[in-house]
Structures are given as structure tokens and as C-alpha cells.
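Keep the sequence and the model side by side as you read.

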Amino acid sequence: MARKQHIAIFTTASLPWMTGTAVNPLFRAAYLAKDGERKVTLVIPWLSRKDQELVYPNKIIFKSPSEQETYVRQWLENSTGFISGFDIRFYPGKFSLLMRSILAVGDITEVIPDEEADIAVLEEPEHLTWYHHGKRWKTKFCLVIGIVHTNYLEYVKREKNGMQAFFVKHCKQLAC
């Protein structure tokens, strides 16, 4: 029997933090896995209790990744009306107060075994590559797709700071 193509979706946020980088990849994983024609894995950050307290609303705290996975799956089922058959895996993450973002700690490509490294979808690739010290994404995976959610350059342009806009543009291009 032929092996199903594997799609690994890496993102920088997870529920209960209601951001585009938490919700959009979750829906992407659910709908890509819905027909059962491919294997899909959603790779999300696991935060320390201290970081969870900073990020998650309403004092929601998880004691374990499996507890958070249950929360995510229940929210998804309530939102879509179906149970989806994708995997969820966690990588160690750290919340940066300065950047107001979750950053990956270590080589998060290791979450996916080499024999399953077909397609990687990087949600907010500039965040996922900022401190990435592991295998090059394009070396590990056959195909890498980046989805940019936030137009930081537009934010900077609104501030009318030309030099800063130039810097942001080139840093973002380099990271992506």
C-alpha cells in the first residue's frame, strides 16, 4: 500500500490564544485532513506555566500538552461540526514580551520524523526562522510553503519612518 503524503503545519500560536496564527492553521489542518487522503500534523508551541499566564485569556492554564490538545480539539469540533483526524504535536516555545510573540526553542523540525518530511507549511515563517538553529527547512522537507499573516511593513509605514520601514522590509525578506 502506498504511503499517504504528509503535510506538517508549523505555527507560532495555539488556542486558547485567539490569534490568526492559532485559528487559521487549526482550520487548515482540519480541512486538509477531512477527506483522509493525506496525513496531516499540526505542530504548535507548548508554553511554560508562566508564559501561559501571560498569553492565554481568562486564566486558562494547561498542566500537560494532552490537556491542551483536548481543549483545541473540542473547540474545533464545536466550530466545524466534525471530528478531524489530524495529529497534534508540540514543540517547546517561549513567549517574548518584547516581540509579543511566541518563539520556537531548539530545532522544531525534529518533531517530524525524516521519513514523514514531505511538505512543511510555515505559518508566520519569519517567526519560525528567527531563532531556528536546526536543519534547514528546505533540506528537511521536500517542499516548504510559507504563509505570512502579519504585514509588519505596513505597520511601520503607518508610523512614517522610512529608515525603519527599509530595515523591516530587508530583515523580513532575509528571514523568509
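Which residues point one way from strand 5, and which the other way? I119, V121 and E123 take one side. A120 and L122 take the other, and all are buried. Buried here means under 20% relative accessible area, exposed means over 50%, and partly exposed lies in between, with a 1.4 Å probe and protein chains only. In a regular strand the side chains alternate between the two faces of the sheet.

A word on the ground rules. This is a predicted model, where local features need pLDDT of at least 70, side-chain atom pairs count only at pLDDT 80 or more, and totals for chains, interfaces and linings use all residues. Residues are numbered from 1 along each chain as its sequence is written, and side-chain values use heavy atoms, with hydrogens and water left out.

Back to strand 5. Because 5 of its 5 residues are buried, strand 5 is largely enclosed by the rest of the structure.

Now step back to the whole chain. The secondary structure comes to 7 helices and 6 strands. These are DSSP runs numbered from the N terminus: helices are H or I with at least four residues, strands are E with at least two. Along the sequence the pattern reads β-α-β-α-α-β-β-β-α-α-β-α-α. Of the 176 residues, 45% are buried.

Helix 1 comes next. Residues 20-33 make up this helix of 14 residues. From first C-alpha to last it reaches 20 Å, close to the 20 Å expected at 1.5 Å a residue. That expected span is 1.5 Å times one less than the number of residues. The buried residues of helix 1 are T21, A22, V23, P25, L26, A29, A30 and A33. Their cover includes strand 1 (6-10), strand 2 (39-46), helix 3 (65-80) and strand 5 (119-123).

Aromatic rings are the next topic. The structure holds 9 aromatic pairs. Rings of Phe, Tyr and Trp (its six-membered ring) pair if their centres lie within 6.5 Å; planes under 30 degrees apart count as stacked, over 60 as edge-to-face and the rest as tilted. Y31 and F82 have ring centres 5.2 Å apart and planes at 75°, so the pair is edge-to-face. Y31 lies in helix 1 and F82 in the loop between helix 3 and strand 3, so the pair ties together parts that are 51 residues apart in sequence. Y31 is partly exposed at 45%, whereas F82 is buried at 14%. F62 and Y71 are also edge-to-face, because their centres lie 5.5 Å apart and their planes stand at 65°. F62 is buried at 6% relative accessibility; Y71 is partly exposed at 29%. F10, W137 and F141 form one aromatic cluster.

Charges also sit over rings. The test is NZ of Lys or CZ of Arg within 6 Å of the ring centre and within 35 degrees of the ring normal. K34 lies over the face of F82, 4.5 Å from the ring centre.

Finish with the backbone. The peptide bond from L15 to P16 is cis, with omega near 15°. P16 lies in the loop between strand 1 and helix 1. K59 is not a glycine, yet has a positive phi of about 60°. K59 sits in the loop between helix 2 (49-55) and helix 3, and is exposed at 78% relative accessibility. E124 has a positive phi too, near 65°. The loop between strand 5 and helix 4 (125-130) holds E124, which is buried at 3%.

Technical notes
Contact = heavy atoms within 4.5 Å.
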